[in-house]
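Colleague: I have the model open beside its sequence and would like to go through the fold with you. Could you take my questions one at a time?

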Amino acid sequence: MTSTDKKVGYLPKSMRPEYTPQTAAHDVEAAFQILEGRWKMIILFHLFGERLMRFSDLERAIPAISQKMLIQQLRKLEADGVIRRIVHHQVPPKVEYGLTDWGEQLCPALDALLLWAEQKPPETP
């Protein structure tokens, strides 16, 4: 398995807030609300590594997603500050999508999630 990011670090412990079980659960729920949806994680993985992709490139990269759903998911991710939409004023119009700095910081968390999933014990009959 390859790592999605090698250059993003974690916050020093002194800068992290003190969590109680209730505040931690609330903040994790808020994070999952940003990432919930069938297609958002797939879109994010295509944009990791400071890649910029045009709408049509994302459509080709994720053939099972409808155009309407891709537009909706991109708009939600942009509204939440995870991705940025770059409009190049030219003819024909050119729009690219990329991760914000905050969006790039998801890489280590998703790497950890992939490693955790790999270690799932085999199911017993």
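Modeller: Let me start with a term: two strands count as paired if DSSP finds at least two bridges between them, and strands (E, at least two residues) and helices (H or I, at least four) are DSSP runs numbered from the N terminus. This is a predicted model, in which local features need pLDDT of at least 70 and side-chain atom pairs count only at pLDDT 80 or more, while totals for chains, interfaces and linings use all residues. Residues are numbered from 1 along each chain as its sequence is written, and side-chain values use heavy atoms, with hydrogens and water left out.

Colleague: Okay, in what order do the strands of the sheet run?

Modeller: The sheet is open, with 3 strands in the order β1-β3-β2 and antiparallel pairing. β1 (53-54) and β2 (83-88) are the edge strands, each with a single partner, so one side of each has no neighbour in the sheet.

Colleague: How many bridges join β2 and β3?

Modeller: β2 and β3 pair over 6 bridges, with His88 opposite Lys94 in β3, and the two strands form a hairpin with 5 residues between them.

Colleague: What is the peptide bond from Val91 to Pro92 like, cis or trans?

Modeller: That bond is cis, with omega near -5 degrees, and Pro92 lies in the loop between β2 and β3. Most residues other than glycine have a negative phi, and most peptide bonds are trans. Glu50, in the loop between α2 and β1, has a positive phi of about 60 degrees although it is not a glycine.

Colleague: Is Glu50 buried or exposed?

Modeller: Glu50 counts as exposed because its relative accessibility is 53%; buried means under 20% relative accessible area, exposed over 50%, and partly exposed in between, with a 1.4 Å probe and protein chains only.

Colleague: Switching to the core, which residues have the most contacts inside it?

Modeller: The largest nonpolar core has 23 residues, and those with the most contacts inside it are Ile43, Leu44, Leu47, Leu74, Val82, Ile83 and Tyr97. By nonpolar core I mean a set of buried Ala, Val, Leu, Ile, Met, Phe, Trp, Tyr and Cys residues joined through side-chain atoms within 4.5 Å. Among the elements that each supply at least two residues of this core are α1 (21-35), α2 (40-47), β3 (94-99) and α6 (107-118).

Colleague: What does Leu44 touch?

Modeller: Not counting residues up to four places away in sequence, Leu44 touches Leu35, Leu77, Val82, Ile83, Leu99 and Leu106, where a contact means heavy atoms within 4.5 Å.

Colleague: And where does Thr100 lie?

Modeller: Thr100 lies in the loop between β3 and α5 (101-104), and it counts as buried because its relative accessibility is 17%. Leaving out residues up to four places away in sequence, Thr100 touches Gly81, Val82, Ile83 and Arg84.
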